[in-house]
Amino acid sequence: RATGPGAPAPAGPLVLKPGYKEPYDARRALEREATARGEQLAAPGSLCTPYGMPTMMQVAVYPMEVIQTPKQVTIVAEAFSEVRRIYIGKPQISEDDVSPGYYGRSVGHWEGDTLVVNTIGIKPSVKGYQGMPHSDEMRITERIRRPTSNALHDQITIEDPVVLEKPVTYTLVYALVPNYEMVEFVCENNREYVDEKGVV
């Protein structure tokens, strides 16, 4: 977490509505118990499935590449070779017209030096921020900017009128790694076994 002048605000609280809060809290308790035993519960990585949005933006131990053109910003995450496309200057379409997927449909526009991105169409089976559940009404708004030449901030706000009591906002901070070459990451021949309690 970045500190000092220009550092982003701390993350807001994640407040789930009744009916979603209880299973979420139970899952967090299982994760804490598994960690105390030295075990790991199943996550997208151990299941060889993509992280999807918004989690792919915060797999911090792996680099990310941002390719900018006038009509599109393409984000390639090294983990699982995930690719996300943000269409610049296009209108967002109706949620009914988006085929639900891991990354949804992202459109963006520039407000000065900040790229404002709206994403819809993330299928509910894709785990959200901190593993939160979400509905097909989840909407993600990002404000992406470079406060310095060596840093990138992505302020993410998640709204979901079905699952969340109020929107949750947090900021991811990235450091520039000059001359890094992305490497291939393929989840292949996964031999990890996940039991009925989700333990890997």
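Predicted model: local features only at pLDDT ≥ 70, side-chain atom pairs only at ≥ 80, totals over all residues.
Of the 200 residues in the chain, 34% are buried, and residues 24 or more positions apart account for 48% of the contacts with a separation of 6 or more.

**The sheet**

- The 8 strands form an open sheet with mixed pairing, in the order β1-β2-β3-β4-β5-β6-β7-β8.
- Because β1 (64-69) and β8 (168-175) stand at the edges with a single partner strand each, one side of each is left without a neighbour in the sheet.
- On average, and with direction ignored, neighbouring strands of this sheet are turned by 20 degrees against each other.

**Strand pairs**

- β1 and β2 run antiparallel and are joined by 6 bridges; these two strands form a hairpin with 2 residues between them.
- β2 also pairs with β3, again in the antiparallel sense and over 6 bridges, and within this pair Val-73 stands opposite Ile-86 in β3.
- The hairpin of β2 and β3 has 4 residues between the strands, and in this hairpin Phe-80 takes a positive phi near 65 degrees.
- β2 is mostly covered, since 5 of its 6 residues are buried.
- Further along the sheet, strand β6 (residues 139-148) and strand β7 (residues 151-159) run antiparallel and are joined by 8 bridges, and the bridge partner of Arg-139 in β7 is Glu-159.

**The nonpolar core**

- The largest nonpolar core has 31 residues, among which Met-56, Met-57, Ile-140 and Ile-158 touch the most other members.
- At least two residues of this core come from each of β2 (72-77), β3 (82-88), β5 (114-120), β6, β7 and β8, and β8 gives the most, with 4 residues.
- In soluble globular proteins, nonpolar side chains tend to be buried together.
- Leaving aside neighbours within four places in sequence, Met-57 is in contact with Met-64, Ile-75, Arg-84, Glu-142, Asp-154, Leu-172 and Tyr-174.

**The largest pocket**

- The largest pocket has a volume of about 950 Å³, and 34 residues line this pocket, those closest to its centre being Met-64, Val-66, Leu-152, Tyr-174 and Ala-175.
- The elements that give two or more residues to the lining are β1, β2, β6, β7 and β8.
- Met-64 and Tyr-174 are named among the residues closest to the pocket centre, and both are also contacts of Met-57.

**A buried loop residue**

- Val-126 lies in the loop between β5 and β6, and its relative accessible area is 3%, so Val-126 is buried, falling under the 20% cut-off.
- Not counting residues up to four places away in sequence, Val-126 touches Tyr-51, Gly-52, Met-53, Gly-101, Tyr-102 and His-134.
- Tyr-51 is 75 residues from Val-126 along the chain, and the C-alpha atoms of these two residues are separated by 7.2 Å.

Definitions and conventions:
Residues numbered from 1 in each chain as written. Heavy atoms only, no water. Pairing = 2+ DSSP bridges. Axes fitted to C-alpha atoms, helices over the stretch in contact; angles between N-to-C directions. Core = buried A, V, L, I, M, F, W, Y, C linked by side-chain atoms within 4.5 Å. Buried < 20%, exposed > 50% of the residue type's maximum accessible area, 1.4 Å probe, protein only. Contact = heavy atoms within 4.5 Å. 1 Å grid on protein atoms, 1.4 Å probe; cavity = no way out; pocket = protein on both sides within 12 Å on 5 of 7 lines; lining within 4 Å. Points joined across faces, edges and corners; volume = space filled by probe spheres on them.
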